[in-house]
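Hello,

Here is the structure for your files.

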Amino acid sequence: MPRFSVIVPCYRVQGFLPECLDSVLGQSFGDFELIAVDDRSPDDCGAILDEYARRDPRVKVLHLPENVGLGMARNAGLPHATGDYLLFLDSDDTLTPGALEAVADRLAETADPDVLVFDYARTYWWGGTRRNVLAHLLAREEVFTAAEYPGILDLLMVVWNKAYRRDFVTENGFAFPPGYYEDTPWTFPVMLSARRIAALDRICLHYRQRRQGNILSTTSRKHFDIHDQYERVFAYLAGRPELASWRPYLHRKMGEHCLDILAKPDRLPPADKAEFFRRTARMFRAHRPEGARVDGEVAVLTGSWTGYRLRRQSARAGREAARRAGRARRAAAARAGAGWAALHARRPLDESLVVYSASSHRGVLGDPAAIYHAAREIAPELRGVWVVRDEETAAGLPDGVEHVIVGSRRYLEVTARAKFFVNDVNWPGTLAKRPGSVHIHTHQGTPLKYLGADLRDKPGARLGFDVPQMLRRADRWDYSLVASRHAELVWERAYPCHFTSVRTGSPRNDVLVRGGPGGFRERHGIPADHTVVLYAPTRRDYRRGGYVERIDLAAFAAGLGEGHTLVVRLHPSLADGPARGMGLTELARRRIVVDATDEPHLSDVLLAADVLVTDYSSVMFDYAVLDRPIVIHADDWPAFTASRGTYVDITAEPPGPVTRSYGELSGLFGSGGWRDGESARLRAAFRARFCEFEDGRAAERVVRTLLLGEPLSAPASRIPGQSGSRDALSPA
């Protein structure tokens with residue numbers, strides 16, 4: 001029998017679930033079982049759980065036939081628990097390192113109490129961490145009851161900050177009711193009934209404050225559920241005379257809790273607040289113990305809704321006036337800046353107008369370009385207009401491409417009328433999303449390095465990068481295109497917004513799946529019989545300017561020998577910096593290497609290459625579609641991961657051989673090991689994981705499904721984003 005049974009109910013949390021499970025399975029204390037309950041989740045939670053169960057025998061998975069809700073999912077896991085103690089972990093939260101060992105030690109010190117209460121910290125999506133402000137209540141050394149130490153009930157009354165002796169739970173028949181506030185009728189009966197309670201003054205859990213998807217922050221009438229849950233608490237007391245002395249405490253607690261819900265702006269629909277107040281007041285009167293003192297905050301429940309509302313309005317009058325003045329100033333500025341667009345915003349959307357942009361308005365490039373060309377072929381009735389950054393970029397566009405300059409009057413007109421927007425980076429913050437318009441975000445390849453909100457803990461990588469502003473802009477996305485489930489999980493985690501993930505594949509990689517002549521070799525005079533080695537390093541966030549010369553390009557080119565051509569493509573962010581001046585330009589001029597940094601179409605370069613050498617560039621995911629050899633040169637992996645962060649340990653799950661010094665890299669090419677059987681085996685596994693939706697029809701699929709509204713064809717599917725209400729970052 002294990003020491004702990006950790007019960008994890010799962011519903012629509014695929015972006016957070018692996019981190020949650022890893023936090024348990026990576027504990028230094030290993031005597032536990034993890035019971036994961038798939039509450040009929042519509043995303044890939046079930047598949048993720050099954051994969052973890054295949055890898056670790058401590059994981060037991062229960063798939064429910066229908067969605068039953070958080071509390072009932074916990075109940076479903078209880079009969080399968082065999083541990084001495086139960087812990088309930090929500091699937092978007094995580095255990096801290098060493099948490100189970102600390103809990104086990106404290107249980108041993110206190111001779112197995114009925115309940116152990118431990119500390120937690122709130123972790124915010126923007127990077128902040130805040131410890132429980134009442135942590136001092138957990139400093140008590142001796143075992144106690146709630147009556148002996150009532151201050152323990154001032155802590156947040158939740159399920160997940162405690163360990164419960166399983167026999168104690170079974171003997172008392174504790175179970176979760178259905179509803180939104182199921183923790184309330186569990187926690188109060190448990191804490192009041194426990195004969196021995198212990199405390200642990202240690203943060204054992206990180207309580208994730210999700211930007212989207214937090215059930216209790218969703219505006220809904222479901223918050224009326226709090227009344228039913230307190231009725232259950234009072235019913236529990238009624239059946240146990242020995243607990244009657246707790247009625248005054250719980251009466252006040254109920255009033256405070258309900259008033260807190262009523263006061264929060266994101267909980268109740270405004271039209272339902274009066275009804276909520278009146279129902280709370282009736283309940284407060286019905287359960288008021290004889291002689292109970294009613295004062296302080298809860299005294300408003302003895303009066304009327306009008307009195308409560310006047311009191312609230314008076315308290316916030318000054319703040320509201322200041323907010324209104326600020327809003328008026330911002331609205332006036334917005335009207336002045338977008339007056340021209342406002343004229344066109346009064347007109348209906350043009351259902352056939354599609355606005356495209358790529359790489360910060362740099363031209364007809366990448367995934368948006370692939371969708372544009374597919375739309376011209378499949379749906380010529382659609383009008384495509386490209387946004388470009390300046391006249392110089394416009395002059396380089398192919399013939400016949402309609403365009404507007406960003407910020408121009410014509411740009412304001414087109415973006416005010418367009419039905420569809422396709423981009424691989426965020427649109428400017430000044431672009432307002434009209435109701436009915438559809439924003440399709442393609443991204444820029446499969447992610448390896450941390451992006452979006454995940455950069456919050458990487459100050460060097462996010463230097464000059466405004467995460468809240470980025471998320472405000474990402475809030476406009478309706479659809480996010482993904483090439484693999486890996487990418488899907490990362491986008492949901494890095495961009496906690498409302499979009500729907502669509503498993504289309506990467507449109508820009510269609511040409512790689514289908515193959516083609518490209519033309520790169522001919523343009524650069526590379527002999528047809530040469531083996532082309534493409535070297536594509538990424539930027540470093542730990543070095544000013546982003547460029548670190550990892551290898552001697554001249555020596556590497558010479559070492560490849562006759563019949564080989566070394567092609568170098570720097571990261572786009574380094575194209576205009578000093579990196580080329582460090583030697584690349586001179587080597588290209590002397591024809592020792594070919595500099596492909598300025599090549600507008602990455603696919604042409606990839607099609608020309610016989611082998612890719614990279615460090616941590618996401619180009620490896622695109623190149624893997626070609627099923628050609630890939631070499632990872634990871635000589636600074638620890639420094640890179642520390643400064644930027646990665647979603648995959650590419651040295652442990654590589655697409656081919658990994659070298660950690662120039663000597664190893666040179667020796668690999670000298671021996672031919674870069675293309676042996678082991679290289680092919682690694683590449684096959686890599687392609688299966690990261691290229692699973694790449695079938696050469698991604699662009700067509702986007703056009704037919706998202707632009708024309710036709711049914712989605714295999715192998716793709718729609719995965720709704722995690723539900724949630726608007727927050728302070730989302731414009732009203």
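Predicted model: local features only at pLDDT ≥ 70, side-chain atom pairs only at ≥ 80, totals over all residues.

Cys 497 is in none, and the nearest cysteine sulfur, that of Cys 45, is 19 Å away. Cys 497 counts as buried because its relative accessibility is 4%, where buried means under 20%. Cys 691 is also buried, with a relative accessible area of 9%.

The salt bridges number 53.

Arg 74 pairs with Asp 183, and their closest N and O atoms are 2.8 Å apart. This pair links distant parts of the chain: Arg 74 is in helix α3 (residues 70-77), while Asp 183 sits in the loop between α5 (166-172) and α6 (184-193), 109 residues apart. Arg 74 is buried at 1% relative accessibility, and Asp 183 is buried at 11%.

Asp 636 forms a salt bridge with Arg 540, with 2.9 Å between the closest N and O atoms. Asp 636 lies in the loop between β21 (630-633) and α24 (637-643), and Arg 540 in the loop between β17 (531-536) and α20 (553-560), 96 residues apart. Both Asp 636 and Arg 540 are buried.

In the salt bridge of Arg 523 with Asp 604, the closest N and O atoms are 3.8 Å apart. Arg 523 is in helix α19 (residues 520-523) and Asp 604 in helix α22 (residues 602-608), so the pair ties together parts 81 residues apart in sequence. Arg 523 is partly exposed at 48% relative accessible area, whereas Asp 604 is buried at 16%.

Finally, a network of salt bridges links Asp 44, Arg 485, Glu 488, Arg 503 and Glu 692.

Regards

Definitions and conventions:
Residues numbered from 1 in each chain as written. Heavy atoms only, no water. Disulfide = S-S within 2.5 Å. Buried < 20%, exposed > 50% of the residue type's maximum accessible area, 1.4 Å probe, protein only. Salt bridge = Lys/Arg side-chain N within 4 Å of Asp/Glu carboxyl O. Helix = DSSP H or I, 4+ residues; strand = E, 2+ residues; numbered from the N terminus.
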